[in-house]
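Work through the exercises below with the sequence and the model open. Try each task before you read its solution.

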Amino acid sequence: MNYSLIVARYGEVALKSSKVRRRFEKRLASNIKASIDCEIDIHQARIFIFPQDFDDAIEKLDKIFGIVSYSPATTTYATFEDIEKSISIYADKLAEKGLLDENTPFAISCRRVGSHEFSSQEMAAFAGAVVVRKFNCPVNLSNPELTIYLEIRDNDAYIYHEKIQGPGGLPLGTQGKVISLLSSGIDSPVATYMMMKRGCQVIALHFDGAPFTTPEARKNYDDLVDALNVYGSGAPVRKRIVKYGDYLQKAKEDAPEKMTCVLCKSGMYKIAAKLAKDMHASAIIDGSSVGQVASQTLDNILATRDGVDVPILSPVIGLDKVEITRMAEEIGTFEISKRDDGGCSAVPRYPETKADLDAVHDAQESMNQEEEIEKAFRAIEW
């Protein structure tokens, strides 16, 4: 098929005010150009993409947030004569690909924007007659096996037969920055992806708990960032790493052992909050799912977030492990997350699951948490 452009569509961006919509469109165009060598024209809720390499563009567009769907297309002038010629050629190409013959129930779907001497129904009937004369195939408007789309915009007409689903969401980078607590597990990469889909630029903060964790955990983190950056066109995920072993050692030595997980998560949030302020980020993201592990009971969620003055968002909070795993498989992070990284040996045999705030405050004082947080923050790897 000799395509001349790709017609892409956005969704909720169209619902924004004209000023916000223009800003979002500009950002979306910039994100597309960041990964695809192309020219772009945005007009009336359509993105017209003219790529140098069509195969490369098709492969990458389904990873760019903000795009709801897209179609490789040919273009012609919006006259009966030009449309007749172009529809005839397009139908021949479909036949060569085995998509159209005398037994193929088909339909023409026509949409118009602008002023024309014909209605959409009239042009659809005209174009359909061209195909029937060539192949004598049956028209089936209710359940076609093949739909040929004819989109007419002012003086131009666009012909295509595929609507390829994009990831949707909002253009990456339109909603500001967030600090994501990215471990080597399954949940936090999914949570990070979900916030990227909502237009947030991510700083991925990893807590290296060595010697309580293994080098494999760090390797998984690096690979997960690479996997997420497949979706990072225009605003790639940035990495920050906290050396967290000394903090964990202090928690185990100077506070009740059962409080280790609570103190661990509390420290993570507070370090992330300091980094958020330093990097002008608006929120912290984590992969908490209610009741999944000891630190994620409702009591412990309250206790670990106490004293944190930056919003903490947990996109997968109400999902179960099966749902989160399914999403991880879809976005390409599961195979990395399922690797055995050795876990964390700092976890006590009987961790606290119903933390009392007074007890948490006593444990934080016992280990001099604020001083340990400051030490860890100053040593963040950039």
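**Exercise 1. The surroundings of Tyr244**

Task: Find which residues Tyr244 touches, leaving out those up to four places away in sequence.

Solution. Start with the contacts. Tyr244 touches Phe207, Asp208, Gly209, Leu263, Cys264, Gly267, Met268 and Ile271. Contact means heavy atoms within 4.5 Å.

A note on the source: this is a predicted model, in which local features need pLDDT of at least 70, side-chain atom pairs count only at pLDDT 80 or more, and totals for chains, interfaces and linings use all residues. Residues are numbered from 1 along each chain as its sequence is written, and side-chain values use heavy atoms, with hydrogens and water left out.

**Exercise 2. The largest core**

Task: State how many residues the largest nonpolar core has, and which have the most contacts inside it.

Solution. First, the term. A nonpolar core is a set of buried Ala, Val, Leu, Ile, Met, Phe, Trp, Tyr and Cys residues joined through side-chain atoms within 4.5 Å. Buried means under 20% relative accessible area, exposed over 50%, and partly exposed in between (1.4 Å probe, protein chains only).

Next, the count. The largest core has 39 residues, and Tyr244, Ile271 and Ile284 have the most contacts inside it. Elements that give two or more residues to this core include strand 9 (177-181), strand 10 (201-208), helix 7 (245-254) and helix 8 (260-278). Helices (H or I, at least four residues) and strands (E, at least two) are DSSP runs, numbered from the N terminus. Helix 8 gives the most to this core, with ten residues.

Last, look elsewhere. Apart from this core lies another, of 32 residues, among them Val7, Ala91, Met123 and Val130.

**Exercise 3. A buried arginine**

Task: Locate Arg240 and find its nearest side chain of opposite charge.

Solution. Arg240 is in strand 11 (residues 238-243). Arg240 is buried and has no salt bridge. A salt bridge needs a side-chain nitrogen of Lys or Arg within 4 Å of a carboxyl oxygen of Asp or Glu. The nearest side chain of opposite charge is Asp278, 7.2 Å away. Lys and Arg count as positive, Asp and Glu as negative; His and the chain ends are not counted.

Now list neighbours. Beyond four places in sequence, the contacts of Arg240 include His206, Tyr221, Met279, Glu381 and Trp382.

**Exercise 4. Backbone checks**

Solution. The cis bond joins Ala210 and Pro211, with omega about 15°. Pro211 sits in the loop between strand 10 and helix 6 (215-228).

Then take phi. Gln44 is not a glycine, yet its phi is positive, about 50°. Gln44 lies in the loop between strand 2 (38-43) and strand 3 (46-51). Asp154, also not a glycine, has a positive phi of about 55°. Asp154 lies in the loop between strand 6 (146-153) and strand 7 (156-160).
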